[in-house]
Amino acid sequence: MKIRKVVLPLLIIGLTWSCSNDDDGIQVPMGDYADGILISNEGPFSNGTGTVTFISEDLSVVNHGIYNTTNDEDLGNVVQSIGFTEDEAFIVANVSNKINVVNRFTFEKIASITNGLNNPRYFIEANGKGYVTNWGDTADETDDFVAIINLQNYTVEGTIPVVLGPEAILAKDNTVYVAHQGAWGQNNKISVINTTSNEVIKTLTVGDVPNSMQLDTSGNLWVLASGKPAYTEDETEGVLSKINTVTNEVEGNLPFESTQHPNSLNLDGGDLYYHLGDTVFKQSLTSTSLGMEMVLEGVSFYNMVVHNGRLYGTDAGDYASNGTLTVYDVSTTLAIKSITVGIVPGGIYFN
Amino acid sequence: MEKKQILLFFIGLLSIGQIFGQKDNVIVLDEVILSDAKLLHFSKGTKVSVVRDSVQQKSGATLTDLLRYNSNIYFKENGYGMVSSASFRGTNAQQTAVVWNGININSQLTGQTDFNTLIPGNYGDVVVRSGGGSVQYGSGAVGGTILLNDSFKFNDGWKNSLRTSYGSFNTSLLAFNTSLGKEKTSFQIGVNHIASDNDYKFLGTDRRNGNGAYDQLNLNANVGFILSDQQIVKVYHNTFIGDRDFSGTLTAPADENYRDLNHRSLVELGSFNEKRIARLKVGHLYERYRYFPNKERKEFSYGQANTFLANYDYKYQLNRITLNGLIDLSTIRAKGTSIENANRDFVAGTFLLSHDLTDRFNYGVNLRKEVVSDFKSPFLFSLNSGYEVSKNYRLTINMSKNHRIPTFNDLYWTGAGASGNLEVLPEASWQLELGQKLRLKNITLLLNAYSITTDNLIQWRPNEQGIWMAMNVQDVSQYGLELGLDWKKKWGNNNVVWESEYSFTKSIDNSTDHQLLYVPEHMLRSNLAYQYKKVVAFCQLLYNGSVYTTTDNSDSLPSYTLGNLGLDYHGPDISGIKFILGVKVNNIFNKSYQNVAYRPMPNRNFQIQLITKF
């Protein structure tokens, strides 16, 4: 969520909210967070803290605000995402310009990274380092960067300047791919970073506003771009692009209709999944055209992840109350369970 | 100043009945001098209270500070001195109208007023009119209306007042007011400057309010001429210039800055005789904000609106019946970073009737219809009645339909991730109120019960594409009870005034029955002043109940009790110059509290003040 975009309208408008969720999660004594689902909740917009919800693998145990419970402090304002190493979780608080590093299984705090970040978005580990996309100052379109995190002392040890609006980040061996959604504006680039030299070795052009990426087992990088929205008065279509990670060339582009703006690209069981309007579609990896095979209809997700035959979709409700996570069986398309999580649930991860 | 007067004027919220009670003595000229005579004739079944001039001198500089301790309005402040919005009787920020000399000055862009951008110091009394008032005061007069009226004093000589104060966080105030009242001419100018580093401690942390400094300049200038025994002309002007860094929260630092600029000008020509008063007003309102997301950089976003208005008001007295017809014309032009040139033209016709059926029984019928260029506005009315059961017991009832119109942001906002919605409808609100007032020798007891139902509440929500839009998504209801108790006692050189008010407020989402955000169910305030000869000691107490911070009522802010303590010494006259020296301790319990989540308010702080009158 491009959170600060709406902060000003909110601030000035002085929004009032309405309500949609009122069921309570199941409260049980604290357990180990080793096997289960982690939900990062952005938290309220302009004042407050994000939280992390733990849900056990069998969906029976729900623990709210596990960072606060474990460490007796707040995560920070607008928890954008969580990135992982083998044993650690890096929880990115965007407006607070802060990353809290915890043991991913106990959630005990290891360190806070507060220096060298400016509007941090997403974390990935590659080649023994952490890489974090940063918008920089949102008024400056040329100061965007990827921060390099030293994973021994948890400090920012360097930066890699990149083009406007780095967002999603993904690693293939020692190469890091950054999708440039465009921060407050729009961009259409993928940066290819060599993590040995820590340089951008190539910048590829894909569809407008690339929002999510997946790597398949054959080494292809799939990039889903939503296209420019109508309010830009230069509306463009969404595009699904396939990138060869050996040559780092775009091998194919599958365009949507000009008013179709897909997001949330997922890969599970050899198929791609994405969200478009109120529908989840499936796309074969081998297809040379958009199959538009419907999986779920009449759903609206704030974020969605497909994992081991299940679809996990979040609903932020009115953005001023606890949201929900609904788990579906992809094969039967039936909802298995709905669980109350935190305010504006934006990230879904598996521990 | 005489000792008696010192205290008589000290404490706020005297009933309007006390100032306007002897209607027979109010001569026509006195009425014409008033900038808002609607209050005099057409609010008789309504709860109206006056916060006295002298209370202001003890209540900080802004309208937020004044009303926090002298009304039952809950203020949501994004840190002390920052954006401050009102919740009056459980309604939202757009449902309280602020009226300047009879003109509604809520922002055309946001529909609300930031109560930290209004400096009441030069207006004299501030009037709080509870309940619906859209017929008289237009959009947003749902929970209530705050009236700021300039006063014109003819035959009053030359008077000057200089108020200086200094206190914690390098907070300084300088206010100078001069007025000259001759037989046919009245002139007044008031200037206030308030500045503060505002770097108070966040209690319980090692942090301070690092980006909260503010600097504000306010000017009021008014001139009036009595042209003949049938004509008067008055000119009003107010300019406010505000420069604030916006405070961060407990979880995020801030580097923002926000600048306000407001100009308000009004020319009024009045023509009158014993039976009729005709007034023609022509005015211009200008509002502009500039928001710097990073104050170290030059980029900013802005919004501005120009309102040109004309208003013709004809009042006729027919024995015991007062009739008043008004026609309002206005044209509003707004633009900004997120609003391309947008215009609105507006005509409103209002009819007001008040009938004193007997000396003890009055009723009023008020009607209003607006025709607006960019949406359909509902027909509005109010019915009210007052009955004096006995000499010291009075009953009032009123019923009204009020509205809150879509703002320019609601309709025309264009920007990344958010969009106005031309389909949005005005909010329509119905309400009923019963009031009782019992006045005994030393005690005044007030009891008001009300109920409000609002349809089509306008809220910003994301649509299917995730674009935030204004929508009519909710129906809400408020009901509540207000109990006021004033007590006065004098003996020897001692004089005590104690005034308290408790309010119970339910404000619920009709579809979920949850209490709305940031509405305390319970509030209690109590102000006590004790005078002995030339010394006045006073204390202000405020209990603010818990408020919910999420719409599913899953999270809340705790309740808190605040106390302020002050001491004033009224010095002897020195060659016609009067001095009042005061000291005040705010938040004497050093309570850590927030009225918006994660935005702490100040710790215990001190202030000294010198008022010189000559």
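Where in chain B does B:Ser59 lie? B:Ser59 sits in the loop between α5 (53-56) and α6 (63-68) of chain B. Helices here are DSSP runs of H or I with at least four residues, strands are E runs of at least two, and both are numbered from the N terminus.

Before I go on, a word on what we're looking at: this is a predicted model, where local features need pLDDT of at least 70, side-chain atom pairs count only at pLDDT 80 or more, and totals for chains, interfaces and linings use all residues. Residues are numbered from 1 along each chain as its sequence is written, and chains are lettered from A and ligands numbered from 1 in the order in which they are written.

Okay, back to that serine. B:Ser59 counts as buried because 24 other C-beta atoms lie within 10 Å; the cut-off for buried is 20 or more, with exposed at 12 or fewer, partly exposed in between, and C-beta atoms placed from the backbone. Setting aside residues up to four places away in sequence, B:Ser59 touches B:Asp65, B:Leu66, B:Tyr69 and B:Asn70. Contact here means C-beta atoms, placed from the backbone, within 7 Å. B:Asn92 is 33 residues from B:Ser59 in sequence, and 24 Å away in space, C-alpha to C-alpha.

Now, the two chains together. On chain B, 44 residues are in contact with 38 residues of chain A. β22 (414-415), β23 (418-419), β25 (443-462) and β26 (468-491) of chain B each give at least two residues to that side.

Next, the core. The largest nonpolar core has 159 residues, and A:Ile91, A:Val132, A:Val223 and B:Val99 touch the most other members. By core I mean a set of buried Ala, Val, Leu, Ile, Met, Phe, Trp, Tyr and Cys residues joined through C-beta atoms within 7 Å. Leaving out neighbours within four places in sequence, the contacts of A:Val223 include A:Ala179, A:Ile190 and A:Met213.

Last, some strands in chain A.

Note on methods: Contact = placed C-beta atoms within 7 Å.
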